[in-house]
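Please read them alongside the coordinates.

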Amino acid sequence: MKHPIDPRDVPLLQALLDPFIDKSRGPKNCWPWTGASNGRYGTVYFKGHNYGSHVLAYLADRKKIRQELLVLHNCDNSICCNPAHLFQGTHGRNAKDRERRNRGCYGTRNHLGKYPIQMVEEARRRYWAGESPTALTSEYKLSRNLIYLWASNRIRAHGI
Ligand SMILES: [Zn+2]
């Protein structure tokens with residue numbers, strides 16, 4: 001974020017963004033930005049500068065932002081403003097995440113962001129250590145399919 005926003009402006013931001021964010025699909029799904037866009041990202045003009053709508057949506061939700069990092073989507077939907085689909089990371093990470101998702105993870109996209117990375121790593125380790133998928137399935141309360149996906153490293157939790 002090139003032009004930092006005063007945290008005291010967050011309530012104002014929320015009021016500004018809200019009418020343009022379509023939340024009709026519910027908390028788990030994407031919330032598309034319905035205002036202006038640059039063809040890829042939603043755009044918002046605020047106090048003399050242009051911002052990505054997803055960047056401001058992230059800030060409005062978390063109340064703070066790390067200036068040195070980008071705000072990225074874990075849903076690949078660049079106009080999405082659902083804070084649950086947004087995280088901070090670097091450019092390299094962004095490209096890597098997209099590459100990984102493009103290898104066929106679309107069907108499981110809705111699971112992104114739901115599980116802590118420690119849990120994913122632990123389940124994966126135990127699977128490869130020879131524990132039965134049935135036991136892992138009941139212990140972690142997950143579908144067998146998801147255990148396999150994690151074990152094969154085709155899906156990662158949000159925030160890594
Ligand atoms: Zn989304």
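1. Read along the sequence, the elements of this predicted model run α-β-β-α-β-β-α-α-α-α. The secondary structure amounts to 6 helices and 4 strands.

2. The chain has 160 residues, of which 26% count as buried. Among contacts in the chain with a separation of 6 or more, 53% are between residues 24 or more positions apart.

3. Two packed helices are described by the angle between their axes and the distance between the axes. For helix 5 (residues 133-140) and helix 6 (residues 144-151), the angle is about 110 degrees and the axes are 9 Å apart. Angles of 65 to 115 degrees count as roughly perpendicular, and helix 5 and helix 6 are therefore roughly perpendicular to each other. On the helix 5 side the contact is made by Pro133, Leu136 and Thr137, and on the helix 6 side by Arg144, Ile147 and Tyr148. Sorted by class, the contact of helix 5 with helix 6 comprises 4 nonpolar residues, 1 polar and 1 charged.

4. Backbone angles deserve a look at two places. Most residues other than glycine have a negative phi. Lysine 47 has a positive phi, near 45 degrees. Lysine 47 sits in the loop that joins strand 1 (43-46) to strand 2 (49-52). Is lysine 47 buried or exposed? Lysine 47 counts as exposed because it has 11 C-beta neighbours inside 10 Å, and the cut-off for exposed is 12 or fewer.

5. Aspartate 76 is another residue other than glycine with a positive phi, here near 65 degrees. The loop that holds aspartate 76 lies between strand 3 (70-73) and strand 4 (86-89). Aspartate 76 is partly exposed, since 17 other C-beta atoms lie within 10 Å; a residue would need 20 or more to count as buried.

6. Threonine 34 belongs to the loop between helix 1 (10-17) and strand 1. With 14 other C-beta atoms within 10 Å, threonine 34 is partly exposed. Which residues does threonine 34 touch, not counting residues up to four places away in sequence? They are Phe20 and Asp22. Leucine 17 is 17 residues from threonine 34 along the chain, and the C-alpha atoms of the two are separated by 9.9 Å.

Definitions and conventions. Residues numbered from 1 in each chain as written. Predicted model: local features only at pLDDT ≥ 70, side-chain atom pairs only at ≥ 80, totals over all residues. Axes fitted to C-alpha atoms, helices over the stretch in contact; angles between N-to-C directions. Helix = DSSP H or I, 4+ residues; strand = E, 2+ residues; numbered from the N terminus. Parallel < 35°, antiparallel > 145°, perpendicular 65-115°, else oblique. Contact = placed C-beta atoms within 7 Å. Nonpolar A, V, L, I, M, F, W, Y, C, P; charged D, E, K, R; others polar.
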